[in-house]
Amino acid sequence: PSQAPAPRRLPLWRVRLPTEQPPALSVFFVRWGGESTVGAGVEGDGGWGSFGCPPSDQYISAMVGRGIRRHPELGGADGCGGNFEIVSLFIRNSRDLIDVAPMAPFVVASLRGKRKASFWMLWPAEWEDSPGADYAGYVERRAMFQAMRSFEAAGLRSCFPHPADLYELMTSKSWLASLSLDPQAHLPAAALVSKGAVVSDAHRAARQALAALEHKRRKSPFPASSDEPPAPSVVNQDGLRKGVVKLGWSWEGRFVLSWEGEEQLASRLIEMLTQPGCFASSCIVQEWVDFDFEMRLYFLLVDEWEPGSKVQPAKVECNSWGGFSEEGRPHTFKKMSEEMCLEAWKQDSAALGHAVEQATEVAQHLLSWLRAMDAQPVPMVRMDFMVGRVGAGKARVVFGEYCELGACCLAWENGPPTIWRAALDCALR
């Protein structure tokens with residue numbers, strides 16, 4: 001005979017007494033419930049830190065315990081307030097997201113909070129579902145954004161990481177091509193190349209991509225002083241011959257390949273766009289950038305952001321890469337302290353300060369562009385810049401990408417709790 005489950009013990013302060021009063025906030029988690037568990041990924045320089053990655057149980061548990069319960073309007077000063085409710089929807093695969101979309105009005109109607117917010121703890125990707133721990137937490141992006149929009153249309157705001165339209169735009173990386181025409185964005189030249197063009201004639205697609213990059217660079221030269229090295233790289237000063245190929249909706253540095261010359265670019269395009277299970281209809285071809293390390297700026301924004309006022313980063317973190325393998329893949333990710341950055345730049349603190357100053361200034365334009373794409377200010381966004389020392393006291397910054405709320409905080413230990421507070425404040429507004 002089957003045994004009765006063992007009684008579960010918990011502190012009395014965790015039990016909310018019955019009440020007619022609705023809680024201040026309903027948090028609707030959409031999270032992974034597939035056969036394989038999402039690894040927290042806390043280890044090493046390339047890890048996510050002690051809280052783990054957003055789709056992991058470890059991260060969500062910490063968000064509840066150290067984020068929701070410690071919010072002054074939800075858990076109170078001692079975390080015992082319980083002025084919230086949590087409803088979790090566990091997703092096993094992309095099909096579940098498609099199936100749940102029509103249920104959105106009924107789910108939203110069942111939430112009791114004065115404010116209601118959804119937190120999407122999954123990674124959208126352009127790949128068919130695959131078994132195994134390496135693919136846990138990933139879902140097909142069209143299914144995810146369709147589900148997000150269904151819940152938003154039913155009145156449930158997406159507060160983690162962003163509303164569907166903005167989140168899809170940011171993670172698509174398609175803006176790398178359109179925004180690279182704007183000199184104020186400090187972006188390398190980029191162009192989208194379609195899968196149809198590659199499958200039809202990869203060499204012609206490569207030639208067209210190189211020509212598109214040349215057009216963009218001549219139309220909008222990368223800003224640089226006459227006494228600085230060629231920008232954004234020395235190798236391309238006399239014509240486009242080196243760069244990278246990227247896929248949108250890719251995570252953790254995956255699906256980036258370097259190329260040199262038309263022949264290798266054609267080969268990389270085929271390799272990138274014809275991988276088994278890949279749904280991508282295009283990829284991004286980008287010119288090469290010379291840089292010493294990456295500088296990641298974390299911005300926290302509020303509704304009261306005054307037009308024209310300058311937003312300072314809440315935190316700046318740096319990291320480096322060891323280069324690219326023979327197969328064209330970046331490798332050896334390493335977190336860098338301020339001391340390590342200064343050592344790399346021969347103790348040129350003025351150049352490091354110049355890099356932070358420039359990146360912050362460029363970010364003002366990029367934040368304004370982001371707000372033009374969605375009038376709601378994002379609670380938090382990370383902006384990654386490639387930085388290089390170009391002379392005594394001088395640095396060059398090249399914008400790399402926008403990263404969503406919840407992106408890796410590197411060595412910023414209090415980063416995740418700070419981000420959770422920003423997301424919850426947004427949900428309560």
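**Exercise 1. Find which residues R92 touches, leaving out residues up to four places away in sequence.**

Step 1. Apply the contact criterion, heavy atoms within 4.5 Å. R92 then touches W32, G33 and G34.

Step 2. Note the basis of the numbering and of the model. Residues are numbered from 1 along each chain as its sequence is written, and side-chain values use heavy atoms, with hydrogens and water left out. The model is predicted: local features need pLDDT of at least 70, side-chain atom pairs count only at pLDDT 80 or more, and totals for chains, interfaces and linings use all residues.

Step 3. Place R92 in the chain. The loop between β2 (84–91) and α2 (94–100) holds R92. Helices (H or I, at least four residues) and strands (E, at least two) are DSSP runs, numbered from the N terminus.

**Exercise 2. State whether R92 is buried or exposed.**

Step 1. Set the classes: buried is under 20% relative accessible area, exposed is over 50%, and partly exposed lies in between (1.4 Å probe, protein chains only).

Step 2. The relative accessible area of R92 is 53%, so R92 is exposed.

**Exercise 3. Describe strand β1 and its pairing with β2 and β3.**

Step 1. Strand β1 covers residues 25–32, and eight of its eight residues are buried.

Step 2. Two strands count as paired if DSSP finds at least two bridges between them. β1 and β2 are parallel, with eight bridges; β1 and β3 (residues 115–120) are also parallel, with six bridges.

Step 3. Follow S26 to both sides. Its bridge partner in β2 is E85, and its bridge partner in β3 is K116.

**Exercise 4. Work out the order of the open sheet of four strands and which strands stand at its edges.**

Step 1. The order is β7-β10-β8-β9, with antiparallel pairing.

Step 2. β7 (190–194) and β9 (256–260) each have a single partner strand, so one side of each is left without a neighbour in the sheet.

Step 3. On average, neighbouring strands of this sheet are turned by 30 degrees against each other, direction ignored. Axes are lines fitted to C-alpha atoms, for helices over the stretch in contact, and angles run from 0 to 180 degrees between N-to-C directions.

Step 4. β7 and β10 (residues 282–287) run antiparallel and are joined by five bridges. V193 has C283 as its bridge partner in β10.

Step 5. Helix α9 (residues 262–273) packs on the sheet and touches β7, β8 (242–246), β9 and β10. The direction of α9 makes about 160 degrees with that of β9.
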